[in-house]
Amino acid sequence: MLAEKALELVRQQHRCIEGALGPFNEDGIRQVLEEMRALFEQNQRDTSATVAGEAGLFSSIQLRHTALERNKRCVLAYLNSRLEHIGQMRWEFGSVLPADVKYNLCEEEVQWFNNYNRMLANYMRAIGDTGGLDLTQDMKPPKSLYIEVRCKVDHGEFETQDGDIIVLKKNSQHFLLRSECEHLIRQGILEHIVNRM
Amino acid sequence: MSQSSASAKASEEYFSLGDILSTQEKLPCKVEMPIHRLGYLDLSSDDDTLRPGTKLELPFWLAGSLCSRRRHIVSVELPRAYRENYRQVFKADPNVVDLHKLGPYFYGFGSHLLSFNHPQASDVANSLVRVGTLCLRHDGYLMSRSVTSGWVPYV
């Protein structure tokens, strides 16, 4: 059936929308482009024949044209979905992508990420009162400035903004500025203790 | 709807993976004009040309462009799940039907089918609305019962 490979790309991407981004399917894209080239050449041939006077080729041309548009749509949607995913990752992982994530991106996607990164940084620098505002800090509206956390693994010494040094030993509890330890919570090193009163 | 928001919505749909998958659903078609050099689409025949009268199942994205107000290269029939007898079952009690088994994009595909201006189009539309409303009322949210996979969220 026509546009099968293109559909496979879409299915592949649809499957991993919630989870991790899969590797860039360069081979799949190449196959779709090959199918498109074949369809296009056949249509060019039929169009010339029609111009030369042959009749009855319109239905074939129309069918192939629709298949071409379908292939194009699938590839574009695949690429677009991946880029959306990559953009979201900036907000999850920060400005440096983990190596295993980066491995799944093609070179152009890495460049896209870097550009996105740069634009976001420029924008964040330009807003806020002094020196900019880090929008990626509080993804949910924070309920309090200080939070109670428990350390889940040994993480060594940690210097707070005030200059105090605390030792993050497994199972130790601390009362810290939310902004300071949010990234450690995201990495799983600290655990936010919610008071069950 | 303003010009810019209409085009924004159109491009949102164009890039939607879910919409691409729902337009892949197949429907029964009949060839009305000879289609040369595309006979390979009919697996049961060796003919190089798709002859008029040939019946085959085509995905919506293809059928929709071959059967429209301007073109009549193929004619289409409603798929099983949207026909009269199923609509009667839905009218009685949609909760007894495993919608997921009928196709994972029951509502999306059903809405697309309406563009064919089939004589039964308005009945199909009403049926979709009724099924959707009743399932929503019954389950609280749009979920479908699937024998094999338990509760499955719906597109």
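This is a predicted model: local features need pLDDT of at least 70, side-chain atom pairs count only at pLDDT 80 or more; totals for chains, interfaces and linings use all residues.
Biologist: Thanks! Which element gives the largest share of the side of chain B that touches chain A?

Modeller: The elements of chain B that give two or more residues to this side are α1 (3–14), α2 (17–22), β2 (55–59) and α3 (60–66). The largest share is five residues, and the element that supplies it is α2(B).

Biologist: And how many residues of that side of chain B are nonpolar?

Modeller: Contacts join 28 residues of chain B to 30 residues of chain A. On the chain B side, six residues are polar and four are charged. Carbon and sulfur atoms give 68% of the roughly 2500 Å² buried between the two chains. The nonpolar residues on the chain B side number 18.

Biologist: Nice. Which residue of chain A forms a salt bridge with Arg37(B)?

Modeller: The rule finds two salt bridges across the interface of chain B and chain A. In the one formed by Arg37(B), the closest N and O atoms are 2.3 Å apart, which is within the 4 Å cut-off. The partner of Arg37(B) is Asp46(A).

Biologist: Which residue of chain A meets Asp46(A) in a salt bridge?

Modeller: Here the N to O distance is 3.0 Å. The pair links distant parts of the chain, 18 residues apart, with Asp46(A) in helix α2 (residues 26–51) and its partner in helix α3 (residues 58–93) of chain A. That partner is Arg64(A).

Biologist: Turning to the domains of chain A, what distance separates the centres of domain 1 and domain 2?

Modeller: The domain assignment gives domain 1 as 4–126 and domain 2 as 146–192. Taken over C-alpha atoms, their centres are separated by 42 Å.

Biologist: What percentage of residues 48–127 of chain A is helix?

Modeller: An unreviewed UniProt entry places "domain: GINS subunit" at these residues. The end C-alpha atoms of the span are 58 Å apart, and strand accounts for 0%. The helix content is 80%.

Biologist: One more: what percentage of residues 143–194 of chain A is strand?

Modeller: UniProt lists this span, in an unreviewed entry, as "domain: DNA replication complex GINS protein PSF1 C-terminal". Its end C-alpha atoms lie 11 Å apart, and helix makes up 19%. The strand content is 42%.

Note on methods:
Residues are numbered from 1 along each chain as its sequence is written. Chains are lettered from A and ligands numbered from 1 in the order in which they are written. Side-chain values use heavy atoms; hydrogens and water are left out. Contact means heavy atoms within 4.5 Å. Buried area is the accessible area (1.4 Å probe) that two parts lose on being put together, summed over both. A salt bridge is a side-chain nitrogen of Lys or Arg within 4 Å of a carboxyl oxygen of Asp or Glu. Helices (H or I, at least four residues) and strands (E, at least two) are DSSP runs, numbered from the N terminus. Ala, Val, Leu, Ile, Met, Phe, Trp, Tyr, Cys and Pro count as nonpolar, Asp, Glu, Lys and Arg as charged, and the others, Gly among them, as polar. UniProt positions are given in the numbering used here, feature names are shortened, and annotations may be inferred rather than shown by experiment. Domain bounds come from an automatic or database domain assignment.
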